[in-house]
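Here is a short report on one protein model. Keep the sequence and the 3D view at hand while reading.

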Amino acid sequence: TKSMRYLRGLGENKRSLFASENQQASENQQSKPVVNTKPDKESDEKVREVQDILDLLSLSGTAYQHVCQYRCREALQVLQQLPLHQQRTAWVLHLQGRVYLESGDFLSAQRCLEHMHREDPGRMPGLALLSTVYWQLKKEVDLANLAQRAMDWDFESPYAHCVAGNCFSLQKDHETSLVFFKRSLQLDPNF
């Protein structure tokens, strides 16, 4: 068995296979490091912090997976399990708004996406969703204002062009809206 441990690399020392057992036992006792078996508060706190982060990432990933699979009810249930301070972030509000939009609950989607816009005004994918909500609710003034802000914020963004396209579509200017939608696809073919 000594030779097998040595060959497998389980032995810590690279000494002769033929050393006496007493010699090996005394060497092992001398070379073992002293380990503090008493846990301290600082290490427990770090373990808890890491576990909290892992739990947060797990919940966020599960919610995002549900959203991508159009499982709206499950996504909302998971998002509501997040800590309250995380539920107020732009990313979570964006996901909630998307879920409500895909569920047809346009007023809840508007509430979430407007809150997201206040938290992070430059979150362009959320603005495209908000413009769709305004289009569905026939809010011309709000949509025109949003289109102007989006184009001012980032003229080269496909999302800004989508917002402008929705604005012109609601105003029944379909030719101009198609120009903006085509431009958004030119800027990002995967849009």
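## Burial and surface

In this predicted model, buried residues account for 31% of the 191 residues in the protein. The accessible surface is about 12900 Å². Carbon and sulfur atoms contribute 53% of that surface.

## Fold

The protein has 11 helices and zero strands. Read from the N terminus, the order of elements is α-α-α-α-α-α-α-α-α-α-α.

How far apart in sequence are the residues that touch? Take the contacts between residues at least 6 apart in sequence. Of these, 42% link residues at least 24 apart.

## The second largest pocket

The second largest pocket has a volume of about 320 Å³. It is lined by 13 residues. Closest to the pocket centre are H94, R98, P125, L129 and Y159.

## Cysteines

How many disulfides does the structure hold? The count is zero. A disulfide is a covalent bond that joins the sulfur atoms of two cysteines.

C68 has a relative accessible area of 37%, so C68 is partly exposed. C162 is at 11% relative accessibility. The cut-off for buried is under 20%, so C162 counts as buried.

Note on methods
Residues numbered from 1 in each chain as written. Predicted model: local features only at pLDDT ≥ 70, side-chain atom pairs only at ≥ 80, totals over all residues. Heavy atoms only, no water. 1 Å grid on protein atoms, 1.4 Å probe; cavity = no way out; pocket = protein on both sides within 12 Å on 5 of 7 lines; lining within 4 Å. Points joined across faces, edges and corners; volume = space filled by probe spheres on them. Disulfide = S-S within 2.5 Å. Buried < 20%, exposed > 50% of the residue type's maximum accessible area, 1.4 Å probe, protein only. Helix = DSSP H or I, 4+ residues; strand = E, 2+ residues; numbered from the N terminus. Contact = heavy atoms within 4.5 Å. Areas by Shrake-Rupley, 256 points an atom, 1.4 Å probe, with all protein chains shown as cover.
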